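Please read it with the structure open.

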Amino acid sequence: MRIRPIARGDLDELQALARETGVGFTSLPDNRDFLAAKIDSAIAAFEERQPANRRNYFFVLEEEASGRLAGCCAIEGEVGHEVPFYHYRVGTLAHSSAQLDLHRTIDTLFLCSDHTGDAEVASLFLRPEYRGGDRRQQRNGALLSMMRWLFMAEFRDRFPDKVLAEMRGVFNERGRSPFWDCLGANFFPMDFDEADRLTGLGQKSFIGELMPKYPIYTPFLSEAARACIGRVHEQTRPALAMLKQQGLRWEGYIDIFDGGPTVEAYIDDVRAVRRSRRCRIEVASGGDEAAERPRWLAATTRMANFRAAWVGRGPDEEGGIRLTPAEAACLEVATGDLLRVLDTEE
Amino acid sequence: MLVVRPVVPADLPALERLAGDAVPQLTNLPAHRDRLEERIVRSRQAFEAEVAFPGDEHYTFVLEDLERGEAVGTATIRAQAGAVDAYYTYRQETLIHASQQLNVRREVQTLALSHEVSEASLLCAYSLDPRYRGTSAESLLRRARLMFIAQYPERFASLLAMAFPGYLDEAGESPFWNSVGCHFFGRDYQEINALAGIRSKSFIAEVMPQFPLYLPLLTPRARAAIGREHPDHERALSEMLAEGFMRSRHVDIFDAGPVIKAERERLQSFRRAAWHPVRIRPAQALPDAAPAMVANQSLGGFRCVVARYALSPTGQLMLSPEHAERLGVGEGRAVLAAPLALPGLEDEEGGHEPGYDEGEL
């Protein structure tokens, strides 16, 4: 299994992926024209033909033998420039008066675009047959999630100070978002899926036009809706845990539709960014075999032909790294090339 | 006989009783002895002050039943609703949320805190002994204030406002408060109302949510209460609408009761009020005529009664010696009179026939 930039020939497979993602996955709508444009834009980004605010680095996880796509993920260079990027910021207002013996704090939701200009890790999706069960040992999800930190570490100057990740919010057993039903539904003449679909297509201007501009006092929301604030979908918990482990934190920003949390960090503070190291490659066969559970994550250092994969061992004492011929072929590197390596169990 | 006059210190026990009897309890008339004493002092200062333009004066009147020898009703005019503190209301606003992309246009209703009514003169703190309800005493007490304002226009704003108690359910709970204010204060309506009487209402308003509230997020019961008067005040509201007041976008911040407003020049009592020289005639010799409010021309000695609007062929108002004495006027002095009946109100269901009934039991 390896990561590579998306290519033109991936369109059919990408659309198949998009169909599998389902509700709440805004960035990958099942729309062929949209996906084709996304691929073109990504290719231009990897070829460094895009201005900073339009770089969308889109990666796929490929099963080399079959050429099948197992999943995808992306990094947005800078969000919010082309189309507005909205959040609610959960704030607190004190309602206090000593004379009235009143000391209350009221949570409020402020519509904001505070994250304009930040990078975003997004669109992570792993097909069900590549996760869980026998596949758990392959750590495909971790590969998709963490390779992005190596990419950002390697090409640090292409990214701004901060990075964020939007997490999918809570949906009830009937597939409805209590947060949307209580809040958004009052302001949007459409259901959640439709609003979500338009957002995914980048047609976000309606949000600004229809959303309440004044802060929302959360006591006016239903209990079910309040319970959604900053909470993630059951299936999103592992992804959130992985981001938290890297140092991303919830700072009180939530999705305006489903109330799911947005986690964030300064890129330089992200654990994997701080700890990954560049190593000189030596390709040699034989010796120790790779461990059962992948531990060492490796990424190449050229953007045009970027590759990332698990490798069997870490750097030696001199800062070199030995790859098997198969690993070198997978990453398309040779002896003497540089490799960025991260010990994911450190 | 009933007469409206400025409050005096001896009225304190009666005021206390009236404040306690008000339904619902009024924030601007708390049944609190110290506050009521202050109210009396403050009113005397207002009547005695030389005033060139409206300010922080509060003029408090009582309705005295001369047979009982006590005050059976009270009402106040605040020259400026918010002279020192701001006078807070919620203003109902409509925001248009339109999207060309989606080809939709939505109207979203909000309630925004407003100080706009602060400039108006406020008719407030009205309470009448329940035994006089449904009689002309009710109209006299409510509208005698207009007769006072008509005589001293420089003391009041050209815009008059009046806030009516809001809707309460059978349990005495305010659905609006329970859905709005309660979140911010954690106290029930009766508690906060009592507190507002002791502190000032604007004092509490400063702790109210400062951002506009979106109506779709309020409970349906709270929304239904917006601009709806307390059931006991329906008739009073109708009367003041017939007088020329208009419903406004403003509602009370606690219970969402309606605030009505009027340019005073448009009010029936202003437009129809006229000065007449007095001619004193024995009561039994007075011709039959429709009732009128009749007020004397005296600031501190203001008196207003209901009498027959009986004019002589030469335009003199014929008064009985008793009425003339109550008003403190002699033959030839001028009085201001305006018809008690209001056009359009008589036919209304529940409206009382204006007449000479003075609530004697």
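1. Some terms come first. Angles under 35 degrees count as roughly parallel, over 145 as roughly antiparallel, 65 to 115 as roughly perpendicular, and the rest as oblique. Helices (H or I, at least four residues) and strands (E, at least two) are DSSP runs, numbered from the N terminus. The model is predicted: local features need pLDDT of at least 70, side-chain atom pairs count only at pLDDT 80 or more, and totals for chains, interfaces and linings use all residues. Residues are numbered from 1 along each chain as its sequence is written, while chains are lettered from A and ligands numbered from 1 in the order in which they are written.

2. Helix pair in chain B. Two packed helices are described by the angle between their axes and the distance between the axes. Axes here are lines fitted to C-alpha atoms, for helices over the stretch in contact, and angles run from 0 to 180 degrees between N-to-C directions. Helix α1 (residues 12-21) and helix α2 (residues 33-48) of chain B have axes that come within 10 Å and cross at roughly 120°. α1(B) and α2(B) are therefore oblique to each other. The crossing of α1(B) past α2(B) is right-handed; a crossing is left-handed if the near helix is turned anticlockwise from the far one by less than a right angle, and right-handed if clockwise.

3. Residues of that contact. Two residues are in contact if their C-beta atoms, placed from the backbone, lie within 7 Å. From α1(B) come Leu12(B), Leu15(B), Glu16(B) and Ala19(B), which meet Arg33(B), Leu36(B), Glu37(B) and Ile40(B) of α2(B). By class, the contact of α1(B) with α2(B) has five nonpolar, no polar and three charged residues. Ala, Val, Leu, Ile, Met, Phe, Trp, Tyr, Cys and Pro count as nonpolar, Asp, Glu, Lys and Arg as charged, and the others, Gly among them, as polar.

4. Helix pair in chain A. The axes of helix α1 (residues 11-21) and helix α2 (residues 32-46) of chain A come within 10 Å, crossing at roughly 120°. α1(A) and α2(A) are therefore oblique to each other, and their crossing is right-handed. Leu11(A), Leu14(A), Gln15(A) and Ala18(A) of α1(A) make the contact with Arg32(A), Leu35(A), Ala36(A) and Ile39(A) of α2(A). By class, the contact of α1(A) with α2(A) has six nonpolar residues, one polar and one charged.

5. Chain A as a whole. Chain A has 10 helices and 15 strands. With 346 residues, a compact globule would have a radius of gyration near 20 Å, and the 22 Å of chain A agrees. This radius is taken over C-alpha atoms, and the globule rule is 2.2 Å times the number of residues to the power 0.38. The C-alpha trace of chain A spans about 75 × 50 × 40 Å along its principal axes. Of its 346 residues, 45% count as buried. A residue is buried if 20 or more other C-beta atoms lie within 10 Å of its own, exposed if 12 or fewer, and partly exposed in between, with C-beta atoms placed from the backbone. Among contacts in chain A between residues at least 6 apart in sequence, 73% join residues at least 24 apart.

6. Chain B as a whole. Chain B has 11 helices and 15 strands. For 361 residues, a compact globule would have a radius of gyration near 21 Å, and chain B, at 21 Å, agrees. Buried residues make up 48% of the 361. Among contacts in chain B between residues at least 6 apart in sequence, 75% join residues at least 24 apart.

7. Where the chains touch. 23 residues of chain B are in contact with 22 residues of chain A. On the chain B side, the elements giving two or more residues are β4 (89-99), β5 (104-114) and α5 (181-185). By class, that side has 16 nonpolar, five polar and two charged residues.

8. Backbone points to check in chain A. Most residues other than glycine have a negative phi. Ser123(A), not a glycine, has a positive phi of about 60°. Ser123(A) is found in strand β6 (residues 119-126) and is buried, with 23 other C-beta atoms within 10 Å. Arg139(A), also not a glycine, has a positive phi of about 55°. Arg139(A) sits in the loop between β6 and α3 (140-154) and is partly exposed, with 19 other C-beta atoms within 10 Å.
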